[in-house]
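The cut-offs are given where each term comes up.

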Amino acid sequence: MMDNRGAKIEKAKRYAEERHRFRFDSFSVQFHGDNNDHAVSFENGTWHCDCEYFIVHQVCAHSMALERLLDKMLPEAQTA
């Protein structure tokens with residue numbers, strides 16, 4: 001018979017495979033890019049990155065990489 005800790009570990013493994021259970025509302029991360037590190041954040045459905053490309057285009061490789069990584073774990077985009 002599995003002890004309580006073992007049962008929790010198994011439950012955690014199952015949860016980790018069920019990505020639909022997670023929805024990130026906000027977070028910040030340091031992204032180690034090819035040339036520099038960048039501060040990337042997500043809050044209230046909006047991305048921000050401190051790289052020059054993002055400042056001009058409001059999207060960049062760093063934010064797009066995180067969108068892919070967090071597929072189905074971010075709130076659905078609001079449509080006007």
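1. The model is predicted, so local features need pLDDT of at least 70 and side-chain atom pairs count only at pLDDT 80 or more, while totals for chains, interfaces and linings use all residues. Residues are numbered from 1 along each chain as its sequence is written, and side-chain values use heavy atoms, with hydrogens and water left out.

2. The protein chain has three helices and three strands, taken as DSSP runs (H or I of at least four residues for helices, E of at least two for strands) and numbered from the N terminus. Their order along the sequence is α-β-β-β-α-α. With a radius of gyration of 17 Å, well over the 12 Å of the globule rule for 80 residues, the protein chain is more spread out than a compact globule. That radius is taken over C-alpha atoms, and the rule is 2.2 Å times the number of residues to the power 0.38. The C-alpha trace spans about 60 × 35 × 15 Å along its principal axes. Buried residues make up 22% of the 80.

3. Contact here means heavy atoms within 4.5 Å. Of the contacts between residues at least 6 apart in sequence, 32% join residues at least 24 apart.

4. Helix α3 (residues 61-69) has His62, Ser63 and Leu66 buried. These residues cover an arc of only 95° around the axis, which puts them on the same side of α3; the arc is that of the directions from the helix axis to the C-beta atoms. Ala61 and Arg68, on the other side of α3, are exposed. The cover over the buried residues includes β1 (26-32), β2 (37-43), β3 (46-49) and α2 (52-57).

5. A nonpolar core is a set of buried Ala, Val, Leu, Ile, Met, Phe, Trp, Tyr and Cys residues joined through side-chain atoms within 4.5 Å. The largest one has 12 residues, among them Phe27, Val40, Phe42, Trp47, Leu66 and Met73. The elements giving two or more residues to this core are β2 and β3. Beyond its neighbours within four places in sequence, Val40 contacts residues including Phe27, Trp47, Cys49, His62, Ser63 and Leu66.

6. Four aromatic pairs are present, a pair being rings of Phe, Tyr or Trp (its six-membered ring) with centres within 6.5 Å; planes under 30 degrees apart are stacked, over 60 edge-to-face and the rest tilted. Phe24 and Phe27 have ring centres 5.5 Å apart and planes at 70°, so this pair is edge-to-face. Ring pairs link Phe24, Phe27, Phe42 and Trp47 into a cluster. Phe24 is partly exposed at 29%.

7. How many disulfides are there? With a disulfide defined as two cysteine sulfur atoms within 2.5 Å, the count is zero. The cysteine sulfur closest to that of Cys49 is in Cys51, 3.8 Å away and too far for a bond. For Cys60 the closest is also in Cys51, at 3.7 Å, again too far. Cys49 is buried at 0% and Cys60 is buried at 1%.

8. Most residues other than glycine have a negative phi. Asn44 has a positive phi near 50°; it lies in the loop between β2 and β3 and is exposed at 70%. Lys72 also has a positive phi, about 70°; it is in the segment after α3 and is exposed at 57%.

Conventions: Buried < 20%, exposed > 50% of the residue type's maximum accessible area, 1.4 Å probe, protein only.
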